Amino acid sequence: MEVDEAIRSRRTHKVFGPDPVAPELLDELFELARWAPNHHLTNPWRFRVLGPQSLAALKLAAGPDAARKLDRAPTLVVVSQVRSEDEVQDEEDLCATACAAYVVLLAAHDRGLAGYWRTPGVLRTAAGLEACGVGEDERFVGLLHLGTIRQPAKPKDRAPVQSFSTYLA
Ligand SMILES: Cc1cc2nc3c(=O)[nH]c(=O)nc-3n(C[C@H](O)[C@H](O)[C@H](O)COP(=O)(O)O)c2cc1C
């Protein structure tokens, strides 16, 4: 798929088939993620693929209502950023980690997978972070949902280019 087409056609999917994404395929996505722009090459991103035990612990931390939503996708990847004590580096590392997460979603889409970047409340709690092994020196960035496509996602309108871009004199 051409880059332009991949960027335009990637969409958030919330309905997935039951088959998990193979570790070999996930490794391909993570290998691409490490090429995200990253000032000083600090490699601030961490990707943790949930297994049955960590998912069960996360669901417990979420409570029964929120836990149901964690069953949407067969493969869940917790993305976090290792915090920096330097304020500027910390901000830049957060941006780099978001870029890396997007690389994963875009590369998954290119491989015909469905993806969804979610930020559930449970991963803003100590119990939720602990369930996923996210250290106190890390910041939660996203819970990527990955799997096979069950139904096509609807395209959403985007703001016109002129509404957010300007050429300065
Ligand atoms: C940082 C971030 C957090 C997000 N958190 C959520 C979320 O918690 N729940 C949700 O439904 N979508 C979440 N999304 C997905 C956006 O809602 C989605 O990207 C947006 O609606 C545009 O749709 P698209 O991905 O199909 O282009 C998040 C996206 C980003 C970048």
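Modeller: V3 is found in helix α1, residues 3-9; helices (H or I, at least four residues) and strands (E, at least two) are DSSP runs, numbered from the N terminus. This is a predicted model, in which local features need pLDDT of at least 70 and side-chain atom pairs count only at pLDDT 80 or more, while totals for chains, interfaces and linings use all residues. Residues are numbered from 1 along each chain as its sequence is written, and side-chain values use heavy atoms, with hydrogens and water left out.

V3 counts as exposed because its relative accessibility is 54%. The cut-offs for relative accessible area are under 20% for buried and over 50% for exposed, with partly exposed in between (1.4 Å probe, protein chains only). Together with I7, Y102 and W117, V3 makes a nonpolar surface patch of about 340 Å². Patches are made of residues with over 30% relative accessible area and no salt bridge; nonpolar side chains (Val, Leu, Ile, Met, Phe, Trp, Tyr) are joined within 5 Å and like charges within 9 Å. Areas of this kind come from the Shrake-Rupley method with a 1.4 Å probe, and for residues only the protein chains shown count as cover.

Now the whole. The chain has 6 helices and 4 strands, in the sequence order α-α-β-α-α-β-α-β-α-β. Its radius of gyration is 17 Å, close to the 15 Å that the globule rule gives for 169 residues, so the chain is as compact as a globular protein of that length. That radius is taken over C-alpha atoms, and the rule is 2.2 Å times the number of residues to the power 0.38. Of the 169 residues, 40% count as buried.

In soluble globular proteins, nonpolar side chains tend to be buried together. Here the largest nonpolar core has 21 residues, and L26, L29, F47, V77, V104, L144 and L146 have the most contacts inside it. A nonpolar core is a set of buried Ala, Val, Leu, Ile, Met, Phe, Trp, Tyr and Cys residues joined through side-chain atoms within 4.5 Å. Two or more residues each come from α2 (23-33), β1 (45-49), β2 (75-82), α5 (87-110) and β4 (138-148); α5 gives the most, with 7 residues. Setting aside neighbours within four places in sequence, F47 is in contact (heavy atoms within 4.5 Å) with F30, A33, V77, V78, V79, A100 and V104. Another core, of 18 residues, lies apart from that one, and L50, V122, V134 and F140 are among its members.

There are also 6 salt bridges, each a side-chain nitrogen of Lys or Arg within 4 Å of a carboxyl oxygen of Asp or Glu. In one of them the side chains of R48 and E138 meet at 2.8 Å, N to O. R48 lies in strand β1 and E138 in strand β4, so this pair ties together parts that are 90 residues apart in sequence. R48 is partly exposed, at 22% relative accessible area, whereas E138 is buried, at 9%. R68 and D65 also form a salt bridge, at 2.8 Å, N to O. Both are in helix α4, and because they are 3 residues apart, about one helical turn separates them. R68 counts as exposed at 56%, and D65 is exposed at 58%.
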